[in-house]
Amino acid sequence: MLTLKKLTPARVWLLVGYAAAAAALFSAPLFLSDFRLNLLAKFLAFAIVALGLDLIWGFTGILSLGHGIFFGLGAYAMAMYLKLEASGGKLPDFMGWSGLSQLPWFWKPFESFGFAVLMGILIPAVLALFLGFFTFRNRIRGVYFTILTQALVIITTTLLVGQQAYTGGTNGVTGYSKILGQSIASSDTKRMLYWITAAVLIAVFILCRYIVKSRFGKVLRAIRDGENRVRFIGYNPAVYQMVIFTISAALAGIAGMLFVLHVGIISPSMMGIVPSIEMVLWVAIGGRGTLIGAALGAVLMNWAKSEFSTTYPEGWTYFLGAVFIVVVVFLPNGLMGLASKFKLGKGKKRSEPEHDRVEYPAV
């Protein structure tokens, strides 16, 4: 329960800021065109991925360069449902082109929207749990774990490209027209899908904030700062790492499902090594270890990418690269680190960021 004693002026302003941000998100359809609204919805889906990645990297110290896989698996699950609905009971076009005469058995359950949503969350979560079980139990961490996640990306994308008859190959799965009987192209449906994405983002943010503020979150930060000390005082870091890695993968799967609703396509190129690295950059630029920073980094960097590519089609990559260099060299703690410096400049300075100070919980 939030008591009046805990309701400090700083907390009040924080709650006001959250309320203003939520109001701005939900009112966006009132002043944005369908095109811009669709772009923003895509960026909000990316923000969900960034929040999940921040849980394992910013708060637990596990760098994953394979989150594009979890994102893509969620997207493929939703795309399979959308493709079957668009086909109207017929065999999807790319299967016919590849020589198939009947729908594969593992595609049939995806005729159900509920099953597709469940699989979009469950498949990435189970894969992450499987990978985490064998890596964290054997204390594989640091650069070795990062290399393993990259290897997972290569294996999965190669498998998807090679099984063209079942996955669409390099072209992926596209050609959607309806969702739950409603036209995806209609303005009303686009607004509804945007509001759903915004609501999911807010719900995920609340969940992540609850996790990092809980006793569980304190253990995660303790693991990040001193895994051996956590093990010495009686905790099993592998269990916490497996759980948070699984949660992070599930959130990426949710983001992938929302992404495919707004973009209308998913292909192996959207879940490869480069997209996975970009996800890490969003968190780094926004400020890892700060949930707000991770979400803002995803939205702002994708907005900058869209604007630069539109205004300067020949040299937008140079502008985007310059932004990355400036942030890495001059803002090692990201944009939220810059905001903290301005805040601290008005008061007493401290030697380290607030999110880096860990109070180790008692056993």
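Glu307 is partly exposed, with a relative accessible area of 22%; the classes are buried under 20%, exposed over 50% and partly exposed in between, with a 1.4 Å probe and protein chains only. The model is predicted, so local features need pLDDT of at least 70 and side-chain atom pairs count only at pLDDT 80 or more, while totals for chains, interfaces and linings use all residues. Residues are numbered from 1 along each chain as its sequence is written, and side-chain values use heavy atoms, with hydrogens and water left out.

**Salt bridges**

Side chains of opposite charge can pair when their charged atoms come close. A salt bridge is defined here as a side-chain nitrogen of Lys or Arg within 4 Å of a carboxyl oxygen of Asp or Glu.

| Pair | N to O distance |
|---|---|
| Arg36 and Glu307 | 2.8 Å |
| Arg224 and Asp225 | 3.0 Å |
| Lys305 and Glu278 | 3.3 Å |

The pair of Lys305 in helix 12 and Glu278 in helix 11 (residues 273-286) links distant parts of the chain, 27 residues apart. Helices are DSSP runs (H or I, at least four residues), numbered from the N terminus. Lys305 is partly exposed at 27% relative accessible area, and Glu278 is partly exposed at 25%. A network of salt bridges links Arg141, Glu227 and Arg231.

**Helix packing**

Helix 5 (residues 113-136) packs against helix 6 (residues 143-162) at an angle of about 145°, with the axes 12 Å apart. Axes are lines fitted to C-alpha atoms over the stretch in contact, and angles run from 0 to 180 degrees between N-to-C directions. Helix 5 contributes Leu127, Leu131, Thr135 and Phe136 to the contact, and helix 6 contributes Phe145, Leu148, Thr149 and Leu152; contact means heavy atoms within 4.5 Å.

**A buried alanine**

Ala50 belongs to helix 2 (residues 34-57) and is buried at 1% relative accessibility. Leaving aside neighbours within four places in sequence, Ala50 is in contact with Val283, Ala294 and Ala298. The C-alpha atoms of Ala50 and Gly293 are separated by 9.2 Å, although these residues are 243 apart along the chain.

**Helix 13**

Val326 lies in helix 13 (residues 316-330) and is partly exposed at 43% relative accessibility.

Conventions:
Helices (H or I, at least four residues) and strands (E, at least two) are DSSP runs, numbered from the N terminus.
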